[in-house]
Amino acid sequence: MTMPHHALEIMLTHSLSPAALHRAARVLPLAANHDATRLALVEAKTAHRAARRLRHRLGARLPIDVITTHYPDADHTVLLNVAFPPATHAFLKAQARRAHQTPERFVQLALHRALAQHADQETDRLDRAVRQLLAHTTPAYLISAVGHALTRLPERPTL
């Protein structure tokens, strides 16, 4: 039986020199993704084990902030592997214990709440913007303008 490979994305705390990246790539092949991220293929039974293996092999060589799976799994979830400083980890453990949860579940729920709040805020912001636009034009012109704009989208959304 062959072991599956997992595509993992590594977010670094800061950019590295080409020499430092070259030394790390000798331990585990890395592909550049963005300025401060790298992609790695890691052989392991699960994505969790792959992230642990990656952190173990490269943690001393790279200033790794976060490791994520590059692609969602069958449940449409992405693994998020974060190494918190000891004080932060102790705080999260205490808060999780008070909430009768594991630290992992506590962080997962907090992240879901934050993402939901962000989505609600974005929906409200867009609703206000559309209402403001409709105060000065007709729905037909607005839909036409949106269609025109969508055909000329930049590669990345602007915030």
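## Worked exercises on a predicted model

His100 is exposed, with a relative accessible area of 75%. Here exposed means over 50% relative accessible area, buried means under 20%, and partly exposed is in between, using a 1.4 Å probe and protein chains only. The areas themselves come from the Shrake-Rupley method with a 1.4 Å probe, and for residues only the protein chains shown count as cover.

Before you dig in: this is a predicted model, where local features need pLDDT of at least 70 and side-chain atom pairs count only at pLDDT 80 or more, while totals for chains, interfaces and linings use all residues. Residues are numbered from 1 along each chain as its sequence is written, and side-chain values use heavy atoms, with hydrogens and water left out.

**Exercise 1. Two histidines**

Find where His100 sits and work out what its backbone phi looks like.

- Start with the place: His100 belongs to the loop between α3 (86–98) and α4 (103–134). Helices (H or I, at least four residues) and strands (E, at least two) are DSSP runs, numbered from the N terminus.
- Now the backbone: phi of His100 is positive, about 55°, although this residue is not a glycine.
- For background, most residues other than glycine have a negative phi.
- His76 also has a positive phi, about 65°, and is not a glycine either.
- His76 lies in the loop between β4 (64–69) and β5 (80–82), and at 71% relative accessibility it counts as exposed.
- One distance to finish: from His100 to Arg23 it's 77 residues in sequence and 43 Å in space, C-alpha to C-alpha.

**Exercise 2. The two sides of α1**

- The buried ones in α1 are Ala20, Leu21 and Ala24.
- They cover an arc of only 95° around the axis, so they fall on the same side of α1. That arc is taken from the directions from the helix axis to the C-beta atoms.

**Exercise 3. Salt bridges**

How many salt bridges does the model have?

- Set the rule: a salt bridge is a side-chain nitrogen of Lys or Arg within 4 Å of a carboxyl oxygen of Asp or Glu.
- Apply that rule and the count comes to two.
- Take Arg125 with Glu122, where the closest N and O atoms are 2.6 Å apart. Both lie in helix α4, three residues apart, or about one turn of the helix.
- Arg125 counts as partly exposed because its relative accessibility is 40%; Glu122, at 29%, is partly exposed too.
- Then take Arg131 with Asp127, whose closest N and O atoms are 3.1 Å apart. These two also lie in α4, four residues apart, again about one turn.
- Arg131 has a relative accessible area of 57%, so it is exposed, whereas Asp127 at 37% is partly exposed.

**Exercise 4. Surface patches**

Which residues gather in a patch of positive charge on the surface, and which make a nonpolar surface patch?

- Rule first: patches are made of residues with over 30% relative accessible area and no salt bridge, joining like charges within 9 Å and nonpolar side chains (Val, Leu, Ile, Met, Phe, Trp, Tyr) within 5 Å.
- For charge, Lys and Arg count as positive and Asp and Glu as negative, with His and the chain ends not counted. A charge is placed at NZ of Lys, CZ of Arg, CG of Asp or CD of Glu.
- The positive patch is Lys45, Arg49, Arg52, Arg53 and Arg57.
- Among them, Arg52 sits in helix α2 (residues 47–58) and counts as exposed because its relative accessibility is 53%.
- The nonpolar patch, about 400 Å², is made by Leu80, Val82, Phe84, Leu111 and Leu115. At least two of its residues come from each of β5 and α4.
- Phe84 is in the loop between β5 and α3, and at 32% relative accessibility it counts as partly exposed.

**Exercise 5. Buried or exposed?**

Is Val66 buried or exposed?

- Locate it: Val66 is in strand β4.
- Its relative accessibility is 18%, so Val66 counts as buried.
- As for spacing, Val66 and Ala116 are 50 residues apart along the chain, with 21 Å between their C-alpha atoms.
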